[in-house]
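Here's a quick look at the charged pairs in this one.

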Amino acid sequence: MKIHRKRHKWGLPVRLLLVVAVPVALFFWMDANLRPVILSMAEAQARVMAVQAMNDAVFDVMRSGELYDDLMTVVLDESGHVSVMRANTVRMNELATTSALRVQHNLSEIAEAGISIPLGAALGSQLFAGSGPYITVKIVPVGAVSTEFMSEFSSAGINQTRHRIFLKMDTTVQMVIPTGTQTAHVSAHVPVAESIIVGEVPESFVDVANEDDMLNLLN
């Protein structure tokens, strides 16, 4: 005697729906939870790489041995005191332009290589931090590199002043993954020249570190 089992006509479509729906739901869950983490990790690495690209660019340009006198001219008066400090704008503009072009070149090389982040690190697990499939994040430079020279004066002794010249560089990079993007602004201050300006030696000198020491000097 044969027993005929009745097959539900919806069995196969339901199984096919589950086969399609489960991976899709898993994908959207991972995208919603891992995308911010992946982009944040990529941004941290991109900032480090961009700053390194800026520093390397300036150092490559200055390998000829940039001197303080090439950028600034100190004019003394009849008594030998500093009267005027003139900037060599032509040389400074040349240095800024060449450095900016070199930064663009370095960032283009970073963009071609991209950043690889292991999926285990994105999951936040220390055990699997360096394991799992690697997710490639593309780094795209956005816009041109802007440059600006900045000066800093600081005390270097009783009658000495340290003058430092920095090249401030700003750029914007964008992290791109298949499911999203994130933009980061990166800045770097690279020292390009430094000099010690010596003044007159005072007959007396009192070093007052704070208000309490100043009050102790009062009778």
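Lys168 comes out as buried, with a relative accessibility of 18%. The cut-off for buried is under 20%, so Lys168 at 18% makes it into that class. Its salt-bridge partner is Asp170, with the closest N and O atoms 2.7 Å apart. Asp170 is buried too, at a relative accessible area of 11%. Keep in mind that this is a predicted model.

In total, the structure holds five salt bridges.

| Pair | Closest N and O atoms |
|---|---|
| Asp170 and Lys168 | 2.7 Å |
| Glu194 and Arg162 | 2.9 Å |
| Arg91 and Glu94 | 3.5 Å |

Now for the strands. Glu194 pairs up with Arg162 in a salt bridge. That one ties together distant parts of the chain: Glu194 belongs to strand 6 (residues 180–198) and Arg162 to strand 5 (residues 160–177), 32 residues apart. Glu194 is partly exposed, with 43% relative accessible area, and Arg162 is also partly exposed, at 27% relative accessibility. There's a bit of a network here as well: Arg162, Arg164 and Glu194 are joined by salt bridges that share partners.

Arg91 and Glu94 both sit in helix 3 (residues 89–113), three residues apart, or about one turn of the helix. They form a salt bridge, with 3.5 Å between the closest N and O atoms.

How values were computed:
Residues numbered from 1 in each chain as written. Predicted model: local features only at pLDDT ≥ 70, side-chain atom pairs only at ≥ 80, totals over all residues. Heavy atoms only, no water. Salt bridge = Lys/Arg side-chain N within 4 Å of Asp/Glu carboxyl O. Helix = DSSP H or I, 4+ residues; strand = E, 2+ residues; numbered from the N terminus. Buried < 20%, exposed > 50% of the residue type's maximum accessible area, 1.4 Å probe, protein only.
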